[in-house]
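Subject: Structure handover

Hello,

The structure is below, followed by my notes on what was found in it. Please read the notes with the model open.

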Amino acid sequence: MGEEEEEVLESNSNEYSLPSLALDVLPHRTYHFHRQFTTPSNPNNFLKAVKWSPDGSCFLTTSDDNTLRLFSLPGSESDVHVDVSDDDSYAANLVMNEGESIHDFCWYPYMSASDPVTNVFATTTRDHPIHLWDATSGELRCTYRAYDAMDEITAAFSVAFNPAGTKIFAGYNKCIRIFDLHRPGRDFELYSTVKDKKEGQTGVISSIAFSPSHTGILALGSYSQTTAIYREDNMELLYVLHGQEGGVTHVQFSRDGNYLYTGGRKDPYIMCWDLRNAVDCVYKLYRASENTNQRILFDIDPSGQHLGTGGQDGFVHLYDLQTGQWVSGFQAALDTVNGFSFHPFLPHAVTSSGHRRFVIPDDDEKEDLSLSVNENCVSVWSFCYNSTMENDVKDYDSLNNQPESGNLD
């Protein structure tokens, strides 16, 4: 072995790996929010989703009142266990109102709270163009408008930034529109996902995910129960994945980009696909979502070793991504846990809960909507680190714990 090869091996062995979480120890609730989501006009103002920012300084929620709320994470001196009470841990730092129901939102991949230029996120709402919001001031920066054949604004169902942070990819019915981030307005590139009557991907493009390994591929999930893999540069269709029981509502790549995880509505399984040999799924991860059309988001921890997902049972289930086996679970709410997001580098996670409740006119409306503090709520959870994390990280290197897994792409 030459000296150069020895130096490369030595440098690789000294590379930092994110610590693994001790999932055999139940996490504790650090912060809890419920009251500020309840309004007199909408007592059942349920949460829809929650996502950490790429820099880990805050998280963003969406709810049924067409409102986005941004919560900054307090300093470590405030990171203590709190009991659930009628009072929230603290108030949202920013509250931004949209005109209609919010379909999707995403953070700018290089977002930093200390840099106002990059501190932005994009949203898409019903009957509205794509909005780019300033997460420092809460003001609307600009819009990206798509028009249909009748020259009327058409709304996107999903939205995502490309890994370079230069373009916005938006999903519509049977097509994708790509906007230049630095050119707001109605200029865009249009790509149809249907090539022929029998080929391509039909239906509404409901979710978009880019490979974190910078291989230039992306995945599009559709309500037609399919997930398709495309090239980013020219939107060339590579192959289509079938097998989801319901319309696909969430897609996410593993940290090394070799695997893809897909989940659908009224489908109790998250499917794992090996993109190097996508003939059939590798394994399925169960969650209680077979009776709801609700979008239930899952997430992969920063080390790439585990996946967490909510469900209708109010529990968060955590799975080992190397074996596909259930590791642990904990009750996060008394209703549907529809959002789960790991902190990008700290041992924290955030959950959102709630679902639409229909009131029967003959019943007592007040009694039906008397919700506890563990319903329609957001909670921040703190995990413990694994004391044997070095050995565990080495064991999982073969699957998802590549050096780039620590990047905030």
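S207 counts as buried because its relative accessibility is 5%, where buried means under 20% relative accessible area, exposed over 50% and partly exposed in between (1.4 Å probe, protein chains only). With neighbours within four places in sequence left aside, S207 is in contact with S158, A219, L220, G221, V248, T249, H250 and V251; contact means heavy atoms within 4.5 Å. A160 is 47 residues from S207 in sequence, and their C-alpha atoms are 8.5 Å apart.

This is a predicted model, in which local features need pLDDT of at least 70 and side-chain atom pairs count only at pLDDT 80 or more, while totals for chains, interfaces and linings use all residues. Residues are numbered from 1 along each chain as its sequence is written, and side-chain values use heavy atoms, with hydrogens and water left out.

The chain as a whole

The protein chain has three helices and 28 strands. Of its 409 residues, 55% are buried. Among contacts with a separation of 6 or more, 54% are between residues 24 or more positions apart. The chain exposes about 18,300 Å², and carbon and sulfur atoms supply 48% of that area; accessible areas come from the Shrake-Rupley method with a 1.4 Å probe, and for residues only the protein chains shown count as cover.

Aromatic pairs

There are 19 aromatic pairs. The rings of Phe, Tyr and Trp (its six-membered ring) pair if their centres lie within 6.5 Å; planes under 30 degrees apart count as stacked, over 60 as edge-to-face and the rest as tilted. F37 and F71 are a tilted pair, because their planes stand at 45 degrees, with the ring centres 6.1 Å apart. This pair links distant parts of the chain, 34 residues apart: F37 is in the loop between β1 (28–33) and β2 (47–52), and F71 is in strand β4 (residues 67–72). Both F37 and F71 are buried.

F169 and F210 make an edge-to-face pair, at 5.0 Å centre to centre and 85 degrees between the planes. F169 belongs to strand β11 (residues 167–172) and F210 to strand β14 (residues 205–210), so this pair ties together parts 41 residues apart in sequence.

Charges

Side chains of opposite charge can pair when their charged atoms come close. The count here is 13 salt bridges, a salt bridge being a side-chain nitrogen of Lys or Arg within 4 Å of a carboxyl oxygen of Asp or Glu.

- D65 bridges to R69, with the closest N and O atoms 3.0 Å apart. D65 is partly exposed at 21% relative accessibility, whereas R69 is buried at 6%.
- R141 and D134 meet at 3.1 Å, N to O. R141 is partly exposed at 35% relative accessibility, and D134 is buried at 12%.
- E236 and R231 form a salt bridge with the closest N and O atoms 3.5 Å apart. E236 is partly exposed at 37% relative accessibility, and R231 is partly exposed at 32%.

Salt bridges with shared partners also join K51, D104 and R295 into one network. K51 has a further placement to look at: K51 lies over the face of F105, 4.6 Å from the ring centre. A charge sits over a ring if NZ of Lys or CZ of Arg is within 6 Å of the ring centre and within 35 degrees of the ring normal. K284 lies over the face of Y269 in this way, at 5.6 Å from the ring centre.

A surface patch

Which residues form a nonpolar patch on the surface? They are F345, L346 and Y385, with about 260 Å² of accessible area together. Patches are made of residues with over 30% relative accessible area and no salt bridge; like charges are joined within 9 Å, and nonpolar side chains (Val, Leu, Ile, Met, Phe, Trp, Tyr) within 5 Å. F345 sits in the loop between β26 (337–342) and β27 (348–353). The relative accessible area of F345 is 39%, so F345 counts as partly exposed.

Regards

Key:
Helix = DSSP H or I, 4+ residues; strand = E, 2+ residues; numbered from the N terminus.
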